[in-house]
Amino acid sequence: MEKYRGPKDQYRRIERRYITGLIVGIVIISMGIIANVFNVALSESTIQVPGIDPGAGPDTIQSPFDANASVGIIALVVGGVVNFYSINKYRGDYAEIADKEPRPAGKLVGIGLVITLLALGGSGYFIFVLAS
């Protein structure tokens, strides 16, 4: 019995899903950086509240927000998991069609790993060192 060959140009769908997964992971990591910057900006601001004496004017107090990196860390973990899952899924899906559709899968996996590690390293440096 002849083996089913599947639809033509199967690798395009697999690569599109892989690149989409990488982009989604990078967007999640970027949103964590933005949330962390917003959190730090809120913690460093001052608030003017009406004073006890109406003739004295408003009192200035420190913001009630504390700067912490919890949202940024959660975004780093989720974005990293999404990217590594995309890489692993691509490797598994491409292994099934590797004999029919020869592609530079190793290069694409390497590029995905480099992009993921650079995004995680850069955003981790930004969250822990620069924004603290």
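Reader: What does S123 touch, not counting residues up to four places away in sequence?
Author: S123 touches I29, I33 and L76, where contact means heavy atoms within 4.5 Å. Please keep in mind that this is a predicted model, in which local features need pLDDT of at least 70 and side-chain atom pairs count only at pLDDT 80 or more, while totals for chains, interfaces and linings use all residues. Residues are numbered from 1 along each chain as its sequence is written, and side-chain values use heavy atoms, with hydrogens and water left out.

Reader: Where does S123 sit, and is S123 buried or exposed?
Author: S123 is placed in helix α3; helices here are DSSP runs of H or I with at least four residues, strands are runs of E with at least two, and both are numbered from the N terminus. With a relative accessibility of 2%, S123 counts as buried, a word that stands for under 20% relative accessible area, whereas exposed is over 50% and partly exposed is in between, with a 1.4 Å probe and protein chains only.

Reader: Which other residues of α3 are buried, and what do they pack against?
Author: The buried residues of α3 are A105, V109, G112, T116, A119, S123, G124 and I127, and they pack against α1 and α2. V114, by contrast, lies in α3 but is partly exposed, with a relative accessible area of 48%.

Reader: How far is V114 from T60?
Author: Their C-alpha atoms are separated by 47 Å, and the two residues are 54 apart along the chain.

Reader: Changing topic, how do α2 and α3 pack?
Author: Their axes, which are lines fitted to C-alpha atoms over the stretch in contact for helices, are 11 Å apart, and the packing angle is about 175 degrees, on a scale from 0 to 180 degrees between N-to-C directions. That makes α2 roughly antiparallel to α3, the word for angles over 145 degrees, while under 35 is roughly parallel, 65 to 115 roughly perpendicular and the rest oblique.

Reader: What are the residues of that contact like, nonpolar, polar or charged?
Author: In the contact of α2 with α3 there are 14 nonpolar residues, seven polar and one charged. In this scheme Ala, Val, Leu, Ile, Met, Phe, Trp, Tyr, Cys and Pro count as nonpolar, Asp, Glu, Lys and Arg as charged, and the others, Gly among them, as polar.

Reader: And G72, what is in contact with G72 once its neighbours within four places in sequence are left aside?
Author: G72, which belongs to helix α2, is in contact with G32 and I127. At 1% relative accessibility, G72 counts as buried, and its C-alpha atom is separated by 9.1 Å from that of V37, 35 residues apart along the chain.

Reader: How do the axes of α1 and α2 lie?
Author: They come within 7 Å and cross at roughly 170 degrees, and α1 and α2 are therefore roughly antiparallel to each other. The residues of that contact divide into 18 nonpolar, nine polar and four charged.

Reader: How many aromatic pairs are there?
Author: The structure holds two aromatic pairs. In one of them the ring centres of Y18 and Y90 are 4.5 Å apart and the planes are at 25 degrees, so the pair is stacked. Rings of Phe, Tyr and Trp (its six-membered ring) pair if their centres lie within 6.5 Å, and planes under 30 degrees apart count as stacked, over 60 as edge-to-face and the rest as tilted. This pair links distant parts of the chain, with Y18 in helix α1 (residues 10–43) and Y90 in helix α2 (residues 70–97), 72 residues apart.

Reader: Which residues form the other pair?
Author: Y90 and Y94 form a stacked aromatic pair at 5.9 Å centre to centre, with 20 degrees between the planes. Both lie in α2, four residues apart, which is about one turn of the helix. An α-helix has 3.6 residues a turn, so residues three or four places apart point the same way.

Reader: Are those tyrosines buried or exposed?
Author: Y18 counts as buried at 4% relative accessibility, Y90 at 2% and Y94 at 8%, and Y18, Y90 and Y94 form one aromatic cluster.
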